[in-house]
Amino acid sequence: TMLVFLTSLLLLSHTLASTDTTTYDTFKLVRQWYPNSCYKASPACISPLPRVVKYWTIHGLWPSKRGSADPVNCTTCHFDPSTISDLVDMMHQRWPTYSYNNGGDAQFWKYEYCKHGTCCTDQLPSPNKYFSITLTLNNKLDMDKLLRNFRIVPYPNKSYTFKQLDKAMKKKATYWCRTVTEKDGSSRQLVDQISVCMDKKLAWIDCSAQSKTCNRDKPFYLLPFKRDITDEL
């Protein structure tokens, strides 16, 4: 009957839509720069990082789909911290958080896996695989080295251009920025996150979008680490 046909069509459309939102064709490896994220941040950063951390840290590995919203929370999440016990020491150093007041790093890792890791289980079928591969990629695509090779280094009052950053990154990357207002009323643009893109075989490729929240016509700053983040750097 027509009712059965319409019901079947509706179910098929729903299935296709669900499939479409959970597919992906690339990965984004997102790194963050703690001083730029926390300088004059509101709410303030609350979790101190290990003293050894003076480099770009991991935010996450995000399955992505060109021309569409990234898939998130794709399946029911069952995250057992004991399955990544062999990675925890390295993750505290390379994948820390400064914003979770309850649960700390472990809560942050669970959030990232449940939101993003559940969407790439065809490639990375377990939490251990997801986190270990991300750590490997982070080491292979060393953000600090890429920037340092083009003399983009942390300094309180030195600015850089996005043309310089583009050259340093070699392939098109995506940048996130914050703009802060100083006591004298001037403003500064801070790059606080950079993502590089990979295909499903985890080969480094150009990203399709180069800027999320940055004004490429204005310079940016890369503030140095300071253990007590205050208004004075």
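**Exercise 1. Decide whether Cys-114 is buried or exposed, then find its partner.**

Step 1. Cys-114 has a relative accessible area of 14%. Buried means under 20%, so Cys-114 is buried. Keep in mind as you work that this is a predicted model.

Step 2. Look for the bonded sulfur: a disulfide joins Cys-114 to Cys-77, with 2.0 Å from S to S.

Step 3. Now place both ends. Cys-114 sits in helix H4, while Cys-77 belongs to the loop between E2 and H3. The two are 37 residues apart, and the pair links distant parts of the chain.

Step 4. Check the partner's surroundings too. Cys-77 has a relative accessible area of 24%, so Cys-77 is partly exposed.

Step 5. Finish with the handedness. The torsion about the S-S bond of Cys-77 and Cys-114 is about -70 degrees, so this disulfide is left-handed.

**Exercise 2. Work out which parts of the chain the disulfide of Cys-74 and Cys-119 links, and give its handedness.**

Step 1. Confirm the bond: the sulfur atoms of Cys-74 and Cys-119 are 2.0 Å apart, and the cut-off for a disulfide is 2.5 Å.

Step 2. Read the torsion about the S-S bond of Cys-74 and Cys-119. The value is about 95 degrees, so the disulfide is right-handed.

Step 3. Locate the ends. Cys-74 is in the loop between strand E2 (57-64) and helix H3 (88-94), and Cys-119 is in the loop between helix H4 (104-115) and helix H5 (127-140). They lie 45 residues apart.

**Exercise 3. Describe the link between Cys-177 and Cys-214.**

Step 1. Their sulfur atoms are 2.0 Å apart, and the two residues form a disulfide.

Step 2. Cys-177 lies in strand E4 (residues 174-181), whereas Cys-214 lies in the loop between strand E6 (204-205) and strand E7 (220-221); the pair therefore ties together parts 37 residues apart in sequence.

Step 3. With 95 degrees about the S-S bond, the link of Cys-177 and Cys-214 is right-handed.

Step 4. Both ends can be classed by accessibility. Cys-177 counts as buried at 10%, and Cys-214 counts as buried at 14%.

**Exercise 4. How many disulfides does the structure hold, and what is the pairing of the bonded cysteines?**

Step 1. The structure holds 5 disulfides.

Step 2. Number the bonded cysteines in sequence order, and the pairing reads 1-2, 3-6, 4-5, 7-10, 8-9.

Step 3. For Cys-120 the nearest cysteine sulfur, that of Cys-119, is 7.1 Å away.

Terms used:
Residues are numbered from 1 along each chain as its sequence is written. This is a predicted model: local features need pLDDT of at least 70, side-chain atom pairs count only at pLDDT 80 or more; totals for chains, interfaces and linings use all residues. Side-chain values use heavy atoms; hydrogens and water are left out. Helices (H or I, at least four residues) and strands (E, at least two) are DSSP runs, numbered from the N terminus. Buried means under 20% relative accessible area, exposed over 50%, partly exposed in between (1.4 Å probe, protein chains only).
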